[in-house]
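Student: I have a chain on screen and want to work through some of its contacts. Can we go one question at a time?

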Amino acid sequence: MAGNGIWRTKSVERSIADTDEPGTRLRRNLSAWDLTVFGVTVMVGAGIFTLTARTAGDLAGPSVAVAFVFAGIACGLAALCYAEFASTVPVAGSAYTFSYATFGEFLAWIIGWDLVLEFSVAAAAVAKGWSVYLEELLASVFGASVSTTIQLGGISADWGSLLLVVTLAVLLTLGTKLSSRFSMVVTAIKVLIILFVIVLGIAYITPANYTPFIPPAAEGEAAGGGLEQSLFSVLAGGSGSVYGGFGLLAGASLVFFAFLGFDIVATTAEETRHPQRDVPRGILGSLAIVTVLYVATSLVIAGMVPYRELSTAAEPEGRKTLATAFSYHGVDWAAYLVSIGAVVGLITVVMVLLLGQQRVLFAMSRDGLLPRGLAKTGQRGTPVRVNLLVAVVVGVAATFFDASQLEEMVNVGTLFAFILVSAGVMALRRKRPELPRGFRVPWVPVVPILAIGVCLWLMVNLTVLTWLRFVLWMAIGVAIYFAYGRRRSVLARESKEKSSDTTG
């Protein structure tokens with residue numbers, strides 16, 4: 001332990017030693033292939049089925065492909081930093097654990113609290129989307145309207161979302177390796193469907209739909225001003241962030257949600273047989289695969305349908321998706337195939353988001369920043385109590401709350417985590433240059449500084465309302481830390497015991 005008070009750090013050696021602590025030990029049985037599958041599983045899902053079309057229609061127009069490239073570059077730079085940290089500190093908790101080793105307990109708590117927001121909101125939002133697709137699929141199969149929501153005393157309850165969360169929580173409790181095998185099968189199915197859709201969609205591309213590639217900025221009410229305007233647009237004196245340059249940048253900040261997932265790979269480092277070698281491969285491999293899929297899909301959709309036809313402004317209750325492009329051309333069987341792919345694919349997206357949430361809470365509980373009883377593992381080497389807590393929280397959110405329009409809330413938290421990890425690479429290189437590193441970021445400090453700059457750039461292109469919500473969530477987290485974690489953490493108790501021994 002180094003430092004005092006809220007800035008005390010947990011050494012890398014201590015973090016690694018804690019992984020063998022009886023009663024809180026996770027089973028090491030994952031390979032590089034398992035990690036790549038987890039990354040592709042969570043990234044090829046909500047983004048490709050929903051965000052691609054909506055971002056083209058509402059923000060970027062045909063330049064949505066460039067928005068994906070921008071977001072992919074930001075993720076690539078951050079991924080290099082994650083890969084070095086995960087190979088150096090192969091411990092559950094991802095950015096939380098990395099921050100504890102470099103910046104101290106307080107910032108570690110802040111980033112952990114941030115990750116709780118990221119994974120919980122994302123899992124609930126995707127579960128709600130899965131329930132909508134399930135309702136459409138059930139209606140097609142049974143030929144009648146089958147609602148996945150019921151009314152309980154005037155409150156709308158989404159039983160479809162609840163069913164998904166509970167089922168996946170049970171699967172994760174049975175073992176991470178079993179979850180990986182299930183993910184592998186489902187991921188193969190949805191990737192094949194997406195590749196087929198890309199190939200089929202090329203036949204329906206109209207070159208004129210790519211013009212203008214960056215549409216002129218919208219004016220008046222259509223410009224989306226006020227709290228829904230990007231922060232950068234406000235600071236630069238723009239009237240809105242719909243189309244034009246501001247729209248393209250806002251689109252990049254939004255589609256960043258689609259890349260949420262490679263950082264989850266880092267949360268499973270403690271369960272990997274050869275983390276120094278396999279975690280970097282899993283992170284970078286999964287990111288490379290999905291970037292190619294996203295850019296190809298967005299180019300096909302933008303060429304198939306005029307971008308204004310993909311806008312949700314004229315149809316507030318509508319949700320433009322990948323299937324919309326095929327319905328526009330009357331290719332209903334292809335739209336139906338996309339819906340099936342979404343129902344199947346979103347299952348594993350929610351599962352890996354739940355996995356990431358569980359591992360972060362597990363690490364925080366083992367360090368005493370949350371009740372240590374939550375970190376106890378069962379006979380199968382999984383944190384059963386944390387699994388149950390996450391299932392209850394996400395299940396309630398997905399069942400009773402409207403989880404739509406929350407992608408930006410997830411993004412701001414994720415980008416903040418990326419900034420700390422990138423800065424942490426430079427800090428740990430200075431503090432502990434002798435540590436063995438299975439992967440090293442090239443051109444330090446240039447790459448980490450670029451990663452920080454790009455992530456900050458994307459953050460300021462999120463809406464003002466998103467920033468206000470994020471500040472409120474962080475304020476709640478700070479209050480909880482000073483009320484509980486600051487006094488109850490393992491390092492705080494050890495410091496108190498040493499102080500007592502000295503004075504005694």
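**Salt bridges and helix packing**

Student: Which accessibility class does Arg277 fall into?

Tutor: The relative accessibility of Arg277 is 42%. Buried means under 20% relative accessible area, exposed over 50%, and partly exposed in between (1.4 Å probe, protein chains only). Arg277 therefore counts as partly exposed.

Student: What pLDDT do side-chain atom pairs need in order to count?

Tutor: Residues are numbered from 1 along each chain as its sequence is written, and side-chain values use heavy atoms, with hydrogens and water left out. This is a predicted model: totals for chains, interfaces and linings use all residues, local features need pLDDT of at least 70, and side-chain atom pairs count only at pLDDT 80 or more.

Student: Which residue forms a salt bridge with Arg277?

Tutor: A salt bridge is a side-chain nitrogen of Lys or Arg within 4 Å of a carboxyl oxygen of Asp or Glu. The closest N and O atoms of the pair with Arg277 are 2.8 Å apart.

Student: How many residues apart in sequence are Asp367 and Lys10?

Tutor: Their side chains meet in a salt bridge, 2.3 Å from N to O. Asp367 lies in the loop between α14 (332-366) and α15 (384-400) and Lys10 in the segment before α1 (12-18), so the pair ties together parts whose separation in sequence, in residues, is 357.

Student: Which helix holds Arg429, the partner of Glu84?

Tutor: Glu84 and Arg429 form a salt bridge, with closest N and O atoms 2.8 Å apart. Helices (H or I, at least four residues) are DSSP runs, numbered from the N terminus. Glu84 is in α4 (residues 64-88), so the bridge ties this helix to a part 345 residues away in sequence, helix α16.

Student: How many residues of α4 are buried?

Tutor: This helix has 25 residues and is largely enclosed by the rest of the structure. Glu84 is buried, as is its partner Arg429. The count of buried residues in α4 is 20.

Notes:
Helices (H or I, at least four residues) and strands (E, at least two) are DSSP runs, numbered from the N terminus.
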